[in-house]
Amino acid sequence: MAHRITPLEEAIREALKGKPVSYNPGIGAFETTTTQEFLASGWNGEYRWPVHKDPIFTPIFTAILGSGGFTLFGSTISYAAIASAIATTALTVGLSYLMTPKPPKPEDGRQPLTQPIPYRFWGVGTARLAGAMMLWETAGDKMWSVQAFVGHRISSYVDYYLNDDKIVLNENGVASCPDNNSRYDGRVRIYTRLGLVPETPYAALVDALGAAGVWTENHRGDGQASAAMSCDAPAAEDFPTVFPYGKPALSVVAELALCWDFRDPDQDPEDDSTWAFTENPAVQLAWHECFNPFGTKRDWRKALLPVLDMWQEEGDVCDELVPRAAGGFEKRYTCGGFYSAEQDPKGGTNAILAACDGWMCERGDGALLFVAGKFREKYVATLTDADIVGHTIQHDVLPEEECNRLVPKFTYPATDYTSTDTDFLEDVPAQLQAGRVLPQDANYLWVNQWRQARRLAKREFARLRQKKRGSLDVGFTGINAVYAPWVRLQTPISIPSMNGKLINNRRSVLSVQRGGFQMTFVVMPPDIEAWLPAIDEGAAPPVPMKPARRNIPVPVIDTVYAIASSGSAYVRVVVIDPDRDDLTPALRYRIVDIGGGNSGAWIDQKFLDAVPSAGLIVLNTNAVPLEGQIEVQAAFIGANNRYGTWSPSRFLYPTGIAARHDFSKATNSQYLFDV
């Protein structure tokens, strides 16, 4: 019988003529290759595996033909060393999570790291951190210290803490504690630097320690976001009052990395002065993979440019507004946290992916594919019987792997950036069948919104409750499916029980011994996108109230937004329920600028009939002006009709102004509004 020329042979013949080979690129394929690329790969004219239909070539594919390894970034790597993921998802639950590099716990950001040569930190979004101690010195009656927070430029400093006290700084950097005026007594002064290149030395520190050579004009800290602190020593009998926690430990809440937002035409990837602060996980991930000095340092031209449209779309998905049960909206996914350069950068990648239920894949030509956690049919590939050369199907989970209660953990700004639980998700029938509760934690340490943590945990719990999972050995003809987050199986012959099923590609690795690739999967839950805020959102996590003036706690504002109503607007303020019947909530608001830089008069409003619900108190103001920015504060009134301390201000624009401004890049929830 005459030998039938296969599509692979035909493609190789065309290549050997020096003509480019073209083929259907699909979601993740590389488009062309040449004779020189075939010869450079060491191909010896033979192929040793069955080909059922036209393969999709990639540089990974051509680089391993007939050779003992392949070249990656100029280094030859053997087959045994390439068992790393081509496609991967975030790990947040179970033993796999315990084995991955993890970011520091939020509580680690309260005390500075003290060691002779500390590792540097980096961070994205908004986070509380103390960095590493660079100087601790006394001179006369003053104590001087310098802390380096992160090893790159940051956007701004938002809040300051001395130990557990939240403090405010005046225009001269002098610290005071609103909750206790006797503390610090004007004896603490704080100076900050954003990490410019070159940076400005601390003049006061140079004046005090420069003559001794301890800290001179050359101690600038180029590219290092830092803070210096001076403390005046009080009399011995006053020390416990002024410094109740002993020596003051400074920590800050900062808006961290400036990132290239590829959706903004005014930003240049090669000019970091045009970059801006963001809490968008897609933009942060691109920065971490390509521009972070402590990241994986990929070439953005190879990693991002070939699939820039995809990254732009996923950035918009992260910024989509989702409704809240109390009204208003918040962004679908935001992210914020810090990381140590001591750890593998993959831990930072995992933390960002976890914040958006993301999926990432490295294509053969070096391009990075990224999909945020929102199902779309266009990202579904297909695997047929001809593509699958082996499989392992698990129709149930082992008892030790069973989970019938999932507890989401996130970082809560309302508790001064500590790890906090939201309401857990559980399967009561499964608990009755198992005879006990089998809980697991879902770790979203770079998530700062409790509703977002609940949304992410609901998606993860739906996947955990899917019993069918396993792995597929995929031949090279099925490479497009390796490059897709979701795969539909057409396997009536090889795996009839999975025929027609939609699966989630959780991890794929190159595995030549198994015929091409090995894909780990779980059946896609049909209701993974279901979200009813009134039912699924749960209650706000409780916030322990700190003692304050007249024993009245300071309110914690959860959200603020404006609502349009019949040609006017009012402001809705949602505060955390203090769980005390003797307190009455109150609001005050004013126009920030009525002309000449002057603020308007405060307008007070009490809410005698406010009723808590799901851990929240919803307060609606009277009609507010439609023009100008509004400043809002909240307070509680005690049983003796005395006001407690007013909360920190929140700012917003009524809908009349907001409709004429582009707030697509707003990062704080107070800028989200009803339209």
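Reply: A salt bridge here is a side-chain nitrogen of Lys or Arg within 4 Å of a carboxyl oxygen of Asp or Glu. Keep in mind that this is a predicted model.

Me: Is E631 buried or exposed?

Reply: E631 counts as buried, at 8% relative accessibility.

Me: How many salt bridges does the structure hold?

Reply: The structure holds 37. One of them joins the side chains of E402 and R465 at 2.8 Å, N to O. E402 is in the loop between strands 23 and 24, and R465 is in the loop between helix 12 and strand 28, so the pair ties together parts 63 residues apart in sequence. Both E402 and R465 are buried.

Me: And which residues are linked in a network?

Reply: R324, E330, R451, R455, E537 and D558 are, through salt bridges.

Me: Switching to helix 7. Why is it largely enclosed by the rest of the structure?

Reply: Because 10 of its 10 residues, 281–290, are buried.

Me: What caps its N-terminal end?

Reply: N280 does, with a side-chain oxygen 2.9 Å from the backbone nitrogen of A282.

Me: Last topic: how many disulfides?

Reply: The structure holds 0. For C335, the nearest cysteine sulfur is that of C356, 7.5 Å away. C335 is buried, with a relative accessible area of 2%.

Technical notes:
Residues numbered from 1 in each chain as written. Predicted model: local features only at pLDDT ≥ 70, side-chain atom pairs only at ≥ 80, totals over all residues. Heavy atoms only, no water. Buried < 20%, exposed > 50% of the residue type's maximum accessible area, 1.4 Å probe, protein only. Helix = DSSP H or I, 4+ residues; strand = E, 2+ residues; numbered from the N terminus. Polar contact = N/O pair within 3.5 Å; in protein donor to acceptor, adjacent residues only side chain to side chain. Disulfide = S-S within 2.5 Å.
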